[in-house]
Each structure stands twice: as C-alpha cells, then as structure tokens.
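Trainee: Hi, could you walk me through this structure while I have it open?
Mentor: Happy to, let's bring it up.

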2 protein chains.
Amino acid sequence: MTEKIARFFAENTPATPCLVVDLDVVANNYANLHDALPEARIFYAVKANPAPEILKLLVERGSCFDTASIPEIQYCLTAGATADRISFGNTIKKASDIARAHALGISLFAFDSMEELEKIAEHAPGARVFCRILTSGEGADWPLSRKFGCEPEMATELLLAAATMNVVPYGVSFHVGSQQRDLTQWDKALAQTAEIFHALEDKGVMLRMVNLGGGFATRYLKDIPSEGEYGNAIEASLRKHFGNRLPETIIEPGRSMVGNAGVIRSEVVLISRKSHRDERRWVYLDIGKFGGLAETMDEAIKYKIQTPHDGGAAEPVILAGPTCDSADVLYEKTEYRLPVDLRIGDKVDILATGAYTTTYSAVNFNGFSPLASYYI
Amino acid sequence: MTEKIARFFAENTPATPCLVVDLDVVANNYANLHDALPEARIFYAVKANPAPEILKLLVERGSCFDTASIPEIQYCLTAGATADRISFGNTIKKASDIARAHALGISLFAFDSMEELEKIAEHAPGARVFCRILTSGEGADWPLSRKFGCEPEMATELLLAAATMNVVPYGVSFHVGSQQRDLTQWDKALAQTAEIFHALEDKGVMLRMVNLGGGFATRYLKDIPSEGEYGNAIEASLRKHFGNRLPETIIEPGRSMVGNAGVIRSEVVLISRKSHRDERRWVYLDIGKFGGLAETMDEAIKYKIQTPHDGGAAEPVILAGPTCDSADVLYEKTEYRLPVDLRIGDKVDILATGAYTTTYSAVNFNGFSPLASYYI
C-alpha cells in the first residue's frame, strides 16, 4: 500500500468494497518495463484495467495499446492514442468488428487460423497481421489453455498464405501464460518463433516483428523476477535465436503494469465456525469471486491481505465472499492465516488488485453493484 | 425453444449475444411447483434472475421472495411485493443492511452462526429467524461448498439461544445443492431437521417452519425428475419425520422457476483448428464464461445447444468464448458434438439459460457489454 493510497483511505473513508489505484505506481511500472526492454514497444493490455485515467497516463508516456474489442479500441482513441498505436490483439473477431477497426484506422491485427486471416484480408485490406503460436504455459499461475494460437508448423503455412493475400505478413506472437515466473518459457517460444522466421525467409517472405506477449508477474504472496531479470533473459534469448538480425519487438504487459498499483478495501461481514470442533474460522468479506476477485478461481491468484491487527497471533481461516453462491469461496485449500483479533466490521486491504478486478466484476449478481474504483 | 421466443427472433433479429425469456414458461413453472407442493409457500430465489418483468409476474401469482441483499429487497418492493412476502435469506449480512431491511419491514431472516444471530437481534428486534444447516450437496451439478449452514448440533444450540434473545426462533433451513437430481437428499436433510425440532421441543421451544431451499433441477442435457416427483418425495419425507404434526414449509426455487424459460442466442465468431492433426475443431461463440455463462465453470452446467444445421453429420468440438482470457473455455472435457456444416456467422441457441446468466455477466470484461435481455 502506497502512502498516497493510505492517505486517500484516511481522508475519504469510501464505502466498501472499492479499489484504489495509485497512478504514480503505474507510471513507475511503465518506466521500469521500458528500461528493462528498451528496444521493445510496449502495448499495454487494456483488458487488465481500461480506466480512462490509466489509459490517458500511458498515452502521455508513449505507450501503445493491445485491445480485445471495438469498445477497448474506442477507449484508447478517446484517451488520445492514435490508431497506429493500437493493435487488435484478439484472435477471435467478428467480421463486422474487423471492418469497424479498419475504418477507425487500426492496421495491426492478430490471428491464429486461416479462417480469421481470410476475415482480416477481406475486411481490413492492407493490414499488418501477426500469427499467434501455441505455448504450454508451464509455470504460469493463471491457467493457459490451448484456446489461443496454433502449432508453429501451421503458423508457417498461414503466414506464407498471408503473403499471397491482401495483407502484410508482419510477425509472430506468443503468450507464455499470465503471471509467469519461469524465465526459460520465453526462450522456448523464441526458439520456435525464430524457426518460423527462417522458414518464411527461405520462401522469400521477410517477417519483421516478434510479439513477446505478456506474462510478466506482479508480486502477490510469492517472490517474482524483477523487470530487469525478465529483460535480460528475453534479450539473451533474442540474440541466441536471431543473432545480430534482431526483429522489432512488442511486449503486452497488463498485470505487471497495473496489478501492484491497486488496493481493494473490503469489510469483514461475518466471522464464524460451522461447529465447535471446526478447526478453521470462516471469514466472509464484502467482496468475492463475483465482485471483482474472479482470479481466485481455483485459487489461482493468491492475493496478500492486510488487516488492522497484523503482527499479533494469527490462525488459519477460510475466506469467502458475500453472495448466496456456494462457489463464492476465495481460499479454502490455500492456507491463509489471519489475526485472532480480527473482528466483524474490520476493514481489510487486498493488495496488488489493480489488474483484472474492476471489469471482471459481475454486473449485478445477488443485487451487488460492480466494484467501485478510484484513480489517484 | 418456445414458439413465442422463435417468433421474437424471427421478427426482431436482435444483436447477439442476448437472452430472451418467455414469461408464460415462468408462469407455468410457478403453477407446476405450486401444484407439486401445494402446502409450501414459494419464495422465489431472486438471484436466479431479478428482472422486473419476472418479479412482477410472480408478485401477481402470489409468490414470496428469497433475497440476498438490500437491492434485491428493493427490486421486490418495487415490483409490488409487500415486506411480509420477502425473506432476507443470505446468512452473511452487514449489520447496516440488517437494520435497513428491518426499517423496510422485513421480518424473516436467515442465519447460521451466533455472530449473525446477535447482529439480527440487535438490528432487527422481533424478527423471525431460521437457522441454516449444512448438507453434503451430493448429487448436485453445481458444487455445494461448506460455505453456508452449520452442523445440526450447533443449530440446536443457536435456536435455543435465539429463544432468549429479542428474536423469534422460527425454523430450520437447508439447501441440498443447486440442480439436485437425487431425490433422497431432501430426506436426509429432513431427518436432521426433525431432530432439531424435537430437541428444541424438549426444551419448550416450538419451531414452526422448515425451509426446504431450492435445488429443483432444470432440464439441460440430462433427464431430471418432474416437479411432481420432487413433491411426492418431499411430502413423504415430511410425513415420515414429522408425522401428523407437519410444520409450515417454504421452498426457494430459482433455477427451476426461470431456467427453462430463457434462450441465449449467440453467433459463431470463429471455427478453427490448432493444427492439421487436431481432432476437434474449436468453435468460438460471442458469449462465454464472462458474458453470462459463468455456470460453465469447471463445466458444471452443461447447456443444450441448437444450431441451424442440426440433424446432419456432427463432430466433436471444443467450445469457447470471445474474450482474450485463456480461462474462457466453455466445454473441453465434456464431449459436445456440433454439425460439420456449422459456419462462422451462424446463430446458435443456448437453451435453458433463463437462470444465473444476466446478473453473473461481467460488467465490462474485454470491453464487452453485459448480456442484453428481453422478457416477452
């Protein structure tokens, strides 16, 4: 929790639950990411937190933007980004949305299938396209499915086909999985990417760009690599696989740009046991899986929690949200310990919650409003 | 899909994704539930779908309402329900919300702990309270955690304590798990409930009400018991455990009241494979886990899907949503077969989606709007 956020809570006592984001931390994250990979262009993954205040700050700093939908493109344009700084990074797009993006001036599109490539060639003629390849996602805390990307062999075919169509085969993208703490994962993906570059070059098609995706971690409970360590590992891999003919690079940080900038303040609604023999107390907060903490799904993201009684005796608890839904349990398998002195009505702070919280929250589940947020 | 919904789609071609609910089906469900358990008062679980059109219809039919929050209480009051027809059924309530409900005239409250009971006695003096007991939830499709309810032994203690406080110990509630297809689960819970009634009676405290909860199933892919079968099983258990001194009963249907009344129309955004060797095609819809189909979490609820090509050759597919989130996969372990002729741009209908869809949808994830809905 930064001093600025602490002061905000002290001076404003906003109704809970709410998220407060310190924009200075976002600016600092941007600077650190830029220093760690000075050659890479930063495309902020807007889905992590599309608040206008964040987008405006990043526009001013010179960031580009990775978007998932027409509304996200419009948020960026409204915040002052020009269309050449916006990528339509979703591999799953309606034809009508591709046409709309094209009309808005967007010229950089992701794809991972012939079907999507054909849509782009038809509805965004002349666009630069990059093909996403599958990676295993091993070592990432947030599960990476096979949903995005195709096998590298198919990527080579598709990019060759792109060269015959009304688009520019521009590069390759991958994503090593969100909250990725294993630095070797970028090396594996870059080895495959370089093979695609070489295969295309053999056929006379020169790719220019590698999109390194996101995956840079935010500190929750466990230690994480620093921006510099990510940067060094990636630069070493780029040199290893591309020699002195380095491609343009793009990174798409989302979580690492805004995660640690935010704190959710919540109130303890109930503390109870199911029986006198119950070994763990249940602590029910006024925010849960459906109010913004969706990433606690399968207890994937383990947030750090601060209470007014930290430092005193603690005991293991089960943490749950306030809705009448039995699935709305935050942590039961993961051992969380909270102070014995914690009481109903206490305020607790859930740290590093600036990413993937506000927009994930349910519109009206159980009658609860979406997560309120403040950008300071 | 009812004729009325089919006509609506034909005449209006609304933008997808959207939910269309046939109010005649809701009315029919209410009548069937009432016929199946004529002695039970129906408290509709508002969280399943709080649309004003549904609440108004149920107010007119004579339904009561089970609510989870102050906004849900206000929806019911606005729809014309008097406060005596509304229960505050969430066992996790802020003291300020209990006081607000009391001020609004609500006099029936759930609890499952001494801590909550004390809050109710202080902030809603004179209220009737019922204690929720834990059940195993075996046989239910939607997972039931230990989040709600206490051990029966503790429920007995708490209800005895309630008799010494400024509240009326009114009864016992349980929930056998949502989408419960095992009729014997009610019998187990009723046996425990009857024991609590008898233990209290021995101490001179007469409970009056058994809240049988929800759990009545909606037809998705598998066959389910009819309302009459649920009713017969429950009535037989009530007689077995309570003899000729039957308590008042309450049921809290949510899913079974509105689930089969709704159809979500969605568009196929992309159909592709990850490699030429891929055995299953990926079918990406314009709705997913974060757009209203949250109950596909862990593939718990398996919706039936209709396409314009049904009847022709079909093949196994993986179904996923449109967001840039790797967790937004609907069905991968469950075998879904869709027509070989299915094409990008086709409209598909996801049946029995009237419950737990609109309010679950994310407020703005990936820039996508919450699920649009029509009540006809």
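What follows is a chat about the copies, some helix contacts and a few local details.

Trainee: What should I know before I start?
Mentor: This is a predicted model, where local features need pLDDT of at least 70 and side-chain atom pairs count only at pLDDT 80 or more, while totals for chains, interfaces and linings use all residues. Residues are numbered from 1 along each chain as its sequence is written, chains are lettered from A and ligands numbered from 1 in the order in which they are written, and side-chain values use heavy atoms, with hydrogens and water left out.

Trainee: Okay, how is chain B superposed on chain A?
Mentor: A rotation of 180° with 0.0 Å of shift along its axis does it, at an RMSD of 0.0 Å.

Trainee: Switching to helices, how do α8(A) and α9(A) cross?
Mentor: The axes of α8 (residues 184-202) of chain A and α9(A) come within 9 Å and cross at roughly 30°. Axes here are lines fitted to C-alpha atoms, for helices over the stretch in contact, with angles from 0 to 180 degrees between N-to-C directions. Helices are DSSP runs of H or I with at least four residues, strands are runs of E with at least two, and both are numbered from the N terminus.

Trainee: So what do we call that arrangement?
Mentor: α8(A) and α9(A) are therefore roughly parallel to each other. Angles under 35 degrees count as roughly parallel, over 145 as roughly antiparallel, 65 to 115 as roughly perpendicular and the rest as oblique.

Trainee: Which residues make the contact?
Mentor: Among them are Trp186(A), Leu190(A) and Phe197(A) of α8(A), and Tyr230(A), Ile234(A) and Leu238(A) of α9(A). The contact residues divide into nine nonpolar, four polar and two charged. Ala, Val, Leu, Ile, Met, Phe, Trp, Tyr, Cys and Pro count as nonpolar, Asp, Glu, Lys and Arg as charged, and the others, Gly among them, as polar.

Trainee: And in chain B, which residues of α2(B) meet α9(B)?
Mentor: Asn29(B), Asn32(B), Leu33(B) and Ala36(B) of α2(B) meet Glu227(B), Gly228(B), Gly231(B) and Glu235(B) of α9(B). That contact has two nonpolar, four polar and two charged residues. The axes of α2(B) and α9(B) come within 8 Å and cross at roughly 30°.

Trainee: New topic: where is there a cis peptide bond in chain A?
Mentor: Thr16(A) and Pro17(A) are joined by one, with omega about -5°. Pro17(A) sits in the loop between α1 (3-12) and β1 (18-21) of chain A. In chain B, a cis peptide bond joins Thr16(B) and Pro17(B), also with omega about -5°.

Trainee: What does Arg265(A) contact?
Mentor: Beyond neighbours within four places in sequence, its contacts include Thr16(A) and Pro17(A), along with Met1(A) and Asp349(A). Arg265(A) itself is in strand β10 (residues 262-272) of chain A.

Trainee: Last one, what's the backbone doing at Glu299(A)?
Mentor: Glu299(A) has a positive phi of about 55° although it is not a glycine. Look for Glu299(A) in the loop between β11 and β12 of chain A.

Notes:
Contact = heavy atoms within 4.5 Å. Least-squares fit on C-alpha atoms with pLDDT ≥ 70 in both.
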